[in-house]
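I have my notebook open and a new structure to look through. I'll jot down what I look up as I go.

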Amino acid sequence: MSLGEKDGVEALYGLHQAELRRLLLARTGDPAEAEDLLQELWLRVRQRPSGPVANGRAYLFRMAQNMVVDRLRERQRRMARDRRWADHATDFAQPGIEPIDQHDNAEQRMIAREEVATLTSAIANLPDGARRAFELHKLEGLSHAEVATRLGISKSGVEKHMAVAMKYLRRALLDWGKG
Amino acid sequence: MTAQSDIDEGLIEQALHWQTTLESDDADWNGYMVWLEADPRHRDAFDAVALVAATVDEHKDAVRALSEAHVAAEARRPGRRMWLWGSSAAAALALVVGMPMLRAPETAMTYASDAEASRSVSLAGGTAITLSPASRIVVHGKDARRIEMNSGEAYFAVKHDPSRSLTVEVGHYRITDIGTHFSVNISDGGFRVAVSEGAVAVSSDSTEGEVKVTAGHQLMARQGEELALSPVVAAEIGSWRQGRLSYSNAPLSLVAADISRYSGKRIIVDPALEAGHFSGTLVIGDGSRLLADLAAVMDLSVHAEHAGNGDTLRLGRAGGR
């Protein structure tokens with residue numbers, strides 16, 4: 001499917017709205033959040049500069065998927081910020097009235113640095129196979145098949161290594177967020 | 001998101017499989033939704049995979065730079081992979097912010113600064129190094145007497161101590177300090193050493209003897225050219241640490257290479273300007289104005305070129321296209 005006009009994407013949205021709602025619900029497990037995301041998706045579709053979209057359905061689905069991940073990331077950062085506030089609690093920093101600190105670049109940089117440090121440390125501590133597979137795939141950009149060739153293991157072996165790495169890194173990021 | 005519970009690796013594997021599958025255009029989105037709906041734990045597994053992937057993607061370059069540092073250390077020290085890395089993030093954080101390094105015998109430690117910030121490194125024996133953005137050095141040995149410099153620019157402040165000396169290697173050149181302050185800059189297929197205090201000696205395998213560079217002088221080594229010694233204003237050496245780039249009669253290609261490092265953009269100097277030189281001071285800021293400022297001062301033009309991979313800017317004569 002390829003539709004060349006802005007109307008086209010909006011029409012696509014109409015066509016797939018029910019499916020998108022289903023996806024967002026399955027993805028979040030929360031009807032209210034799914035509805036909210038669907039609204040946001042609609043707004044983004046309308047703001048999108050016009051231009052041809054190849055494979056419109058997959059395009060919308062990916063947009064929806066990305067929005068869910070963006071929210072997860074935002075939550076992860078908020079946890080880190082909350083932790084920082086807890087660490088540096090002062091009389092005027094009451095919980096609940098923390099401003100959404102878009103402008104506090106120093107803090108954001110600090111959080112980014114801590115994320116980098118957490119990831120790097122966690123990667124370094126992975127079991128050897130998982131670490132190599134992860135580095136080649138995620139940092140060097142090799143495909144699973146290329147990683148398999150490079151390491152002389154099967155593709156499913158790569159997937160197992162990646163699963164170990166993901167599980168471990170998730171743990172590390174969670175622990176970091178909680179502080 | 002059930003943040004606390006551990007997730008079964010089998011489920012993570014399934015999630016990874018779906019994540020990879022969904023990248024293709026004819027992905028089975030229905031199958032994916034059915035999988036998600038089958039068990040709430042599938043959602044958690046997918047959350048985990050997507051979130052880690054997004055976090056890694058966002059920090060890929062920084063993580064890779066640090067991981068390489070680690071790999072470099074590891075390669076020279078087989079069997080003791082963990083010496084540097086505690087399990088706590090604090091250990092890695094110490095590396096990020098450039099604390100004095102752990103002292104392990106016969107190790108090599110890479111220090112790299114990212115594209116946006118300078119970085120200070122303190123070494124054994126009271127050597128203090130400032131790395132300008134996008135620079136990289138490898139420090140050998142626990143007493144840090146041998147430093148390889150790979151890229152960028154670094155300012156070295158070395159404590160005078162007759163009992164020890166420091167060697168900075170650039171390619172097959174060796175810069176030996178005699179208790180001094182100096183700056184080394186690698187760019188444009190060569191390097192230059194500028195001395196603000198004391199003196200250094202520069203030697204290489206391919207040249208006889210050594211060249212002594214004293215305070216207020218710089219030595220330039222460029223591919224295919226003779227070593228060139230010229231005077232510089234000592235106070236301006238390493239002025240990038242205060243946010244300024246100062247040059248006296250520097251080839252434009254060299255200035256462009258510095259700006260390229262600070263701005264992250266590829267810069268081509270028009271061949272017509274090859275013989276051009278620049279004297280003056282540029283304010284670094286966030287790096288984005290440097291080229292425009294240089295062009296304004298020298299009455300040159302900047303054109304964007306779209307030659308394959310990303311931004312390339314061409315510095316040319318004003319009015320010329």
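**Entry 1: a pocket**

I started with the second largest pocket, which holds about 480 Å³ of space. I'm keeping in mind that this is a predicted model.

Next I looked up what lines that pocket, and I got 19 residues. Lying nearest its centre are A:N66, B:Q19, B:E23, B:F46 and B:A53. Which elements give two or more residues to this lining? From chain A I noted α3 (56–87) and α5 (128–139), and from chain B α1 and α3.

I also sorted the lining of the second largest pocket by class: eight nonpolar, six polar and five charged residues.

**Entry 2: where the chains touch**

Then I turned to the contact between the chains. I found 58 residues of chain B in contact with 54 residues of chain A. Between them, chain B and chain A bury about 5,200 Å². Carbon and sulfur atoms account for 61% of that buried area.

I looked up polar contacts as well, and 14 residue pairs turn up across the interface of chain B and chain A, with both residues at pLDDT 80 or more. On the side of chain B that touches chain A, at least two residues each come from α1 (9–21), α2 (29–38), α3 (40–58), α4 (60–75) and α5 (89–96) of chain B. Which of them gives the most? I wrote down α3(B), with 13 residues.

By class, the side of chain B that touches chain A has 31 nonpolar residues, 14 polar ones and 13 charged ones.

**Entry 3: salt bridges**

How many does the rule find across the interface of chain B and chain A? I got five there.

I picked one pair to look at: the side chains of A:R73 and B:E58 meet in a salt bridge, at 2.6 Å from N to O. Over all chains, the salt bridge count comes to 26. Why does the pair of A:R73 and B:E58 join two chains? I checked the helices: A:R73 lies in α3 of chain A, while B:E58 lies in α3 of chain B, so this pair links the two chains.

Note on methods: Residues numbered from 1 in each chain as written. Chains lettered and ligands numbered in written order. Predicted model: local features only at pLDDT ≥ 70, side-chain atom pairs only at ≥ 80, totals over all residues. Heavy atoms only, no water. Contact = heavy atoms within 4.5 Å. Buried area = accessible area lost by both parts, 1.4 Å probe. Salt bridge = Lys/Arg side-chain N within 4 Å of Asp/Glu carboxyl O. Polar contact = N/O pair within 3.5 Å; in protein donor to acceptor, adjacent residues only side chain to side chain. Helix = DSSP H or I, 4+ residues; strand = E, 2+ residues; numbered from the N terminus. Nonpolar A, V, L, I, M, F, W, Y, C, P; charged D, E, K, R; others polar. 1 Å grid on protein atoms, 1.4 Å probe; cavity = no way out; pocket = protein on both sides within 12 Å on 5 of 7 lines; lining within 4 Å. Points joined across faces, edges and corners; volume = space filled by probe spheres on them.
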